Amino acid sequence: MSPPTPRRRRALPVLTAALTALLCGLASPAAADDGPPDWTARPAGGTDRDARPYVYLEGTPGTVLQDRLTVTNSGRAPLTVRLRGDGRAGDRIRFAEDTVTVPARTRADVPLAFTVPHDAVPGDTSGEAVATGGGEEIRVPVRVRTVGPTLAALGVEDVEVSGGTIRYALVNRGNAVLRPRLAVRAEGVFGTLLDRPERPLPLELAPGRRVERTEPWPDAPALDAVTVRLRVTASGGARDEAEASAAYVPVVPAVGGGLLVLGGLAALASGAYRRRRTGRAGPQPAPDARPAVRPEPPEQAGPPKEAQLPVATEPLLKAGAKT
C-alpha cells in the first residue's frame, strides 16, 4: 500500500484551479460593467496634466462670455452626463446642451455661455459648472470678472450710545467691495474720554450691503455728558463720519438724590461753559481795582470874598493922573 502523500499532492493543483476559476468569475467583464464608468470633466484646452484649474471669464456689463467644458469618457460603454450651473454665478451659466451622451473612449467639448447683467458692478463673482453622470458628480469652478469704472462710497449711520456700548451701521453705497477702517473719539464736559486710532474691521462689505455693528466702551463715565464721533474710511477714497450724544447719570434710589445728581450735571456743564467763555474773553481788571478819586481841597474859614473886577489902569497913566 502506497503512502497517502502523493494523493494530497495531486489534489493541490485541482484546488488551485478551482480557486482561480472562482476569482476569474468574480472579475468577469459583466461584473466590471456594474461599477461607475471612468470619466472626467474639466475646462477645455490642454491635456489632463496641464488642464486649466477653472473657467475664467471677463467682460463688461451686458456682454455674453463664452467658453467650453470637456467631458472625457474613458470607459467601455456610452456615458450620459447632465450639465447645470451652481453658486452665485450659476444661474447665468448656460450650456449648448443640458444633457450630453459621450461614446466609449471619446471626449466631447460642450460650449457654455455666461451673460453679464446690465447692472453688474465691477468686481469678481464665482460659480460652478456641475456635471453629473454614472452615479458621480464633478464640479468645475467658474470665475467671472466684470470690468468697468469703480465707485467707492461708504456710509456710517444710526449711531447710538448706551452704557458701555456704541452701536452703528455701515453701508456700502458704491459698486466696489470695501474693507472698512474705524476710528472712535468721545468728548465729555472736561475733555477727551475716548480716542481710538483708525484700525481695520474684520469684515468685507459687498456693494449694497448693510452691516450693524457694536463697539465696546467698558470704561464709560458714570457722570458726564458725552459726544461720540465715528469716522470710517476705505480704499478708493471712501470716507464718512457720524456722531451721537448721551448723558451718563448714576442711578440713585431717592428722588431727591436724583435731582441732586441732575443739578450737579447741570453745574458741571455750566462751569465748563463759563470756563470756555472766560478763556475766549480779553484781560479784565482785578475785582478790587477801583477808579482813583482826587480829593477836593478843604474850604478856608472866614467870610466869603467879594468878587473883584479888573481895573483898567493903563488909560489913567497915559493922561498924567496922580496915583
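I take two strands as paired if DSSP finds at least two bridges between them. Strands themselves are DSSP runs of E, at least two residues long, numbered from the N terminus.

**Entry 1: ground rules.** I note that this is a predicted model, in which local features need pLDDT of at least 70, side-chain atom pairs count only at pLDDT 80 or more, and totals for chains, interfaces and linings use all residues. Residues are numbered from 1 along each chain as its sequence is written, and side-chain values use heavy atoms, with hydrogens and water left out.

Entry 2: I looked up an open sheet of 4 strands, whose order is 13-12-15-16 with antiparallel pairing. Strand 13 (191-200) and strand 16 (238-248) form its edges, each pairing on one side only. From one strand to the next the twist averages 10°, with axes taken as lines fitted to C-alpha atoms and angles running from 0 to 180 degrees between N-to-C directions. Strand 12 (residues 181-188) joins strand 13 over 7 antiparallel bridges. In this pairing I find V184 opposite R196 of strand 13.

**Entry 3: rings.** Which residues form an aromatic pair that is edge-to-face? I counted rings of Phe, Tyr and Trp (its six-membered ring) as paired if their centres lie within 6.5 Å; planes under 30 degrees apart are stacked, over 60 edge-to-face, the rest tilted. The count comes to 1 aromatic pair. W217 and Y248 form it, edge-to-face, at 6.0 Å centre to centre and 80° between the planes. W217 lies in the loop between strand 14 (210-216) and strand 15 (224-234) and Y248 in strand 16, so the pair ties together parts 31 residues apart in sequence. Both W217 and Y248 are buried (under 20% relative accessible area, with exposed over 50% and partly exposed in between; 1.4 Å probe, protein chains only).

**Entry 4: N73.** I located N73 in strand 3 (residues 64-73). N73 is buried, at 1% relative accessible area. I looked for polar contacts, meaning N or O atoms within 3.5 Å, where within protein one must be able to donate a hydrogen and the other to accept it, and residues adjacent in sequence count only if both atoms are side-chain atoms. The N73 side chain reaches the backbone oxygen of V102 at 3.1 Å, and a polar atom of that side chain lies 3.1 Å from the backbone oxygen of P103.

**Entry 5: phi angles.** Most residues other than glycine have a negative phi. R105, not a glycine, has a positive phi of about 55°. R105 is exposed, at 61% relative accessibility.
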